[in-house]
Amino acid sequence: MEQDTIAAIATALNHSGISIVRISGEKALEVAGRIFFNQKREKILKQPKSHTVHYGYIYDGQDLIDEVLVVYMKAPRSYTAEDVVEVDCHGGLKVTERVLQTVLKNGARLAEPGEFTKRAFLNGRIDLTEAEAVMDLIQSKNEFSMKNSLNQMQGSIRKKIEQVRARLLHEIAYLEAALDDPEHYELVGYGEQLDQKLDCFLQEGKKILKNSKNGALLKDGICTVIVGKPNVGKSSILNLLVGKERAIVTEIEGTTRDILEEQVVLHDIVLRIIDTAGIRETEDRVEKIGVERSKKSVEEAQLVLFVLDWSKPLTKEDREIFKLIQNQKKKAVILLNKTDLETEHPLKEEEVRNEFKFPVLSFSAKEEQGTEELAAYIRDAFFEGDLHTEEEIYLTNLRQQQLVEEAISSMELVKQSIAQGMPEDFYTIDLTRAYEALGRMIGEEVDDDVVDEIFRAFCMGK
Amino acid sequence: MSFVAEEYDVGVVGAGHAGCEAALAAARMGLRTIMFTVSVDSIALMPCNPNIGGTSKGHLVREVDALGGEMGKNIDKTFIQSKMLNQSKGPAVHSLRAQADKRQYSMEMRKTLENTDNLTIKQAEVVEILSEGNKVTGVKIHTGGIFPCKAVVLCTGTYLKARCLCGDSIQYTGPNGLKAANELSESLKKLGIELMRFKTGTPARIDKRTIDFSVMEEQKGDERVVPFSFSTDSEEIQIDQVSCWLTYTNEETHEIIKENIHRSPLYSGLIEGTGPRYCPSIEDKVVKFSDKKRHQVFIEPEGLDTNEMYLSGMSSSLPEDVQYKMYRSVKGLEHAQIVRNAYAIEYDCINPHQLHPTLQFKGVEGLFSGGQFNGSSGYEEAAAQGIVAGINAALFVQGRELMLIDRSEGYIGVLIDDLVTKENHEPYRMMTSRSEYRLLLRQDNADLRLRKKGYEVGLICQEEYDALCEKEQKIKEEVERLETTMVGAAKKIQTFLEQHNSTPLKTAVSLAELIRRPELNYDIIQEIDEKRPKLREDICEQVNINIKYAGYISRQIQQVEQFKKNEKKQIPKDFDYDKVKSLRLEARQKLAALKPVSIGQASRISGVSPADISVLLVYMKQKDNQK
């Protein structure tokens, strides 16, 4: 049947510990082989036997993504009856998505809704007397993903995409008009003009992509870091937010600590707490790298939880951490922890507020007090204030990220054609691809757009 | 009174550009063929512009020729000026356009038809298509004469219930005052065929002696003329060419039009038909593009033996008195005498969704149609459909499998697929932008793409076919040689590269690599290609294009492979979409109405989503499993 190789996350997108990226098709093994290595960065999947499990690491170029188990199932003894490679990822949802992205970059196509099941059926793997079920599944999954993408596609991002699309369409139409009616429309010097316009479109495209990667707040949660000098109680706050069991689950020996993160739900808000390993390390070993470490994670964060010990006076180290948060211009809230302790000279909320200029909340990890106030603060700061005015762009859907990437690389190919002095009609090939990719993002059909735009914008014909 | 006149295999209704190709194809394939026309003197008439070809239309003419059609040969015999358009652009958009001597064009075509075996020409108006059950049995003409036919091809152009408008003056005629065909529409409706009303128009013809050419820009033909037909020897067509002339409308012209716009039947509501956006009337241009201060007007000769000049760019349906004022406001036309007025024409045509991609009607077996009757516009579009309809009518009678040309094989395929699949609300004109694989569908390789099909149906003779195979082989060998012949950093090579502003070599590369450099090509590197065989010009051209654009070409070939997979998945004729409950309602209705032949065609219907296609595939597989 269809020969191309597809991939998707095959497990439910929830907070379970392990999720699976499934690759199916003729090139499944080839694709996996390109990104899966052992500790010495040697290729592992050379000629594996069917139904074997392999241990190793997924790399995106030079970047280590995750420590994984890979299962190989040769056709036809697999779910789809095609060659299948399944990658068991341990690093949480975000990491799994990166694994998938890496797979897609290396020759697989993102599976359509219900496509694994469809292939399983078409290849005679599932002997369904009720093929209806498969068809219903395809339609319902499709409707679900359409609805999902439409929900995300409201407001500013949709407008941005529509703008870029409209301008792309105009360029395509101009080119086509000139090719179709060379006695009316000239192309002399057009390449240079287009090149400049493309720079501008590319900038827009990259902005959308960057925002989609950094700021996918709604679905993925707000990227949050907990900082503070050793022994102020970061670890217990983390455990409180995460829940103790989960914290243990992710403590896999040998997993690269830099990329460990936890997704937590604080009342109705999703937080993605990064550098959880760092928190544990500094607490456990009372290392002196607290400030250095904080610096790095604060850079990545959108929200900083700055922890102070209520029972002890402020120190030089506290002030250094404050400065680095301030320098990075991050949103921060101070958690005045350990309010459950008896002490003669507690830190006063007002003093702290005056000195550090951040909101201050009393907190007790031990007594589990302060979480509601924290949630209320985040709700205010992210979902009523800045969220809308900054017009941040949320693109959580991987499919859409992939489409922006496709649009960007197509536009880059046009620039390449211009630089190489190709004839003008070659530009339209990749311009059209970019236009189509953006169209699929917002769920619009392409069809006769170009012809319609030619006639709308240009006076054609004799 | 009805009587049975004579029996034929194939009956062709109409003798325009579609009818001529259809009749010639059927007769040349050995079938007894009869062609009906309301006037034998109007065979291959060019009632509008005096040219053949142009962007993308030139491709169609080449493809018709590759299949064994006549249009290319006929224009090669009768052109008076020729140009290859878009020469500064890529090879995919090069397009030939020739000015025709209209009278000669018509005469030559008539001569060819009259001297074709198996072909009868009959002056008569066909008034009824006869059928039994859902099968065509013949035609009836105005005298009551019945001509039993096994297949019928409708090529009625703009004649069905035609009326011509010039201001509020209406004449119930076909183009050029020729008799309209008023009865056939009713017969078609009785067969269950759905009709639409389209509109088109033509500009005035002006007496050459009343034009001041000295204030216009001269437009000459190419120095070296390239023939349309693959069979024409280019040495034999290097003739003395005539010129065309360019002038412009001005603000005064536009004022005159605006003041009188209410008198245009288009704007007064007198015209109901939908007009083409590609050939807008001058009043349309002035209204829709009001910021444009002037529009181009090309003055083109209608032939060598006439003083009539065609005013390309100024078609109109304004009343005669406004036409005089409007034309005379144009620079160089101050004293213009109008020989024929501009007019708009309205006519019946079909919704082409009723056709299979073979151009056979879905509801009437043995009935085919081609040309403007199918909702297209243009001589070339007509000829392209005509030859396909003619070939398939003949194959039908012979009981052979019908011929299909898909979107990856030719502009003809794009044209027909667009007509039979997509929504179309105006006379359809071919455009290069409509072809997604246009890098592969070039005018220079039409023979390589389609000659084999022509050979298989019997329109291309063995000799021509052998020549094609030899050409193919030579191209392949030469490309291979260039890909594998390496050159190193020898002094001779480096000097050569320097001379052509090309970077010197550091390591050895293939000659093909050098050809791919923007500043070089196959021709230029001849100097350093010592073992080059002597090859024909057209073979060299193919070699150069195939190597130079190899990257883009191979990408399109990959796309085509993907496309072909879905084209090959046939949907059974009697497929019952109502049984597939998982299809969304809209998709179910559209699919049931259009009855696509393949999954590929189904996927191009607007309103059918990829998920619907997945569902269809699963359902079809389930059916297979049950068998």
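Predicted model: local features only at pLDDT ≥ 70, side-chain atom pairs only at ≥ 80, totals over all residues.
Figure 1. Residues are numbered from 1 along each chain as its sequence is written, chains are lettered from A and ligands numbered from 1 in the order in which they are written, and side-chain values use heavy atoms, with hydrogens and water left out. In chain A, 7 strands form an open sheet with mixed pairing, in the order S3-S4-S5-S6-S2-S1-S7. Strand S3 (36-37) and strand S7 (109-110) of chain A stand at the edges, each with a single partner strand, so one side of each is left without a neighbour in the sheet. Strands (E, at least two residues) and helices (H or I, at least four) are DSSP runs numbered from the N terminus, and two strands pair if DSSP finds at least two bridges between them. Strands of a sheet pair through backbone hydrogen bonds, either parallel or antiparallel. Strand S5 (residues 63-73) and strand S6 (residues 84-89) of chain A pair in the antiparallel sense over 6 bridges. Within this pair, A:Leu69 stands opposite A:Asp88 in S6(A).

Figure 2. Helix H3 (residues 115-122) of chain A lies across strand S1 (6-9), strand S2 (19-24) and S7 of chain A, and runs at about 130° to S1(A). Such angles run from 0 to 180 degrees between N-to-C directions, with axes fitted to C-alpha atoms and, for helices, over the stretch in contact; contact means heavy atoms within 4.5 Å. A:Asp4 and A:Arg119 meet through their side chains in a salt bridge (2.9 Å, N to O), defined as a side-chain nitrogen of Lys or Arg within 4 Å of a carboxyl oxygen of Asp or Glu. Because A:Asp4 lies in the segment before S1 of chain A and A:Arg119 in helix H3 of chain A, the pair ties together parts that are 115 residues apart in sequence. A:Asp4 is partly exposed at a relative accessible area of 25%, whereas A:Arg119 is buried at 4%. Buried means under 20% relative accessible area, exposed over 50%, and partly exposed in between (1.4 Å probe, protein chains only). A second salt bridge joins the side chains of A:Glu115 and A:Arg109 (2.8 Å, N to O). A:Glu115 is buried, with a relative accessible area of 4%, and A:Arg109 is partly exposed, with 27%.

**Figure 3. The salt bridge between B:Arg584 and B:Asp612.** The closest N and O atoms of B:Arg584 and B:Asp612 are 2.5 Å apart in this salt bridge. The pair links distant parts of the chain, 28 residues apart: B:Arg584 is in the loop between helix H17 (550-568) and helix H18 (585-594) of chain B, and B:Asp612 is in helix H20 (residues 610-626) of chain B. B:Arg584 is partly exposed, with a relative accessible area of 26%, whereas B:Asp612 is buried at 0%. Elsewhere, salt bridges that share partners join B:Arg407, B:Asp417, B:Asp418, B:Lys422, B:Glu436, B:Glu567 and B:Arg604 into one network. Over all chains, the whole structure holds 73 salt bridges.

**Figure 4. The surroundings of B:Asp444.** B:Asp444 is placed in the loop between helix H11 (411-421) and helix H12 (446-457) of chain B and is buried, with a relative accessible area of 4%. Its side chain makes polar contacts with the side chains of B:Arg442 (3.1 Å) and B:Gln542 (2.7 Å). A polar contact is a pair of N or O atoms within 3.5 Å; within protein, one must be able to donate a hydrogen and the other to accept it, and residues adjacent in sequence count only if both atoms are side-chain atoms. Leaving aside neighbours within four places in sequence, B:Asp444 is in contact with residues including B:Arg62, B:Pro91 and B:Phe230.

**Figure 5. Strand S16 of chain B and its partners.** In strand S16 (residues 296-301) of chain B, 6 of its 6 residues are buried. On one face of S16(B) are B:Gln296, B:Phe298 and B:Glu300, and on the other B:Val297, B:Ile299 and B:Pro301. Strand S15 (residues 244-248) of chain B pairs with S16(B) in the antiparallel sense over 4 bridges, with B:Tyr248 opposite B:Gln296. S16(B) and S17(B) also run antiparallel, joined by 4 bridges, and a hairpin connects them through 6 residues. B:Leu311 lies in strand S17 (residues 308-315) of chain B and is buried at 0% relative accessibility.
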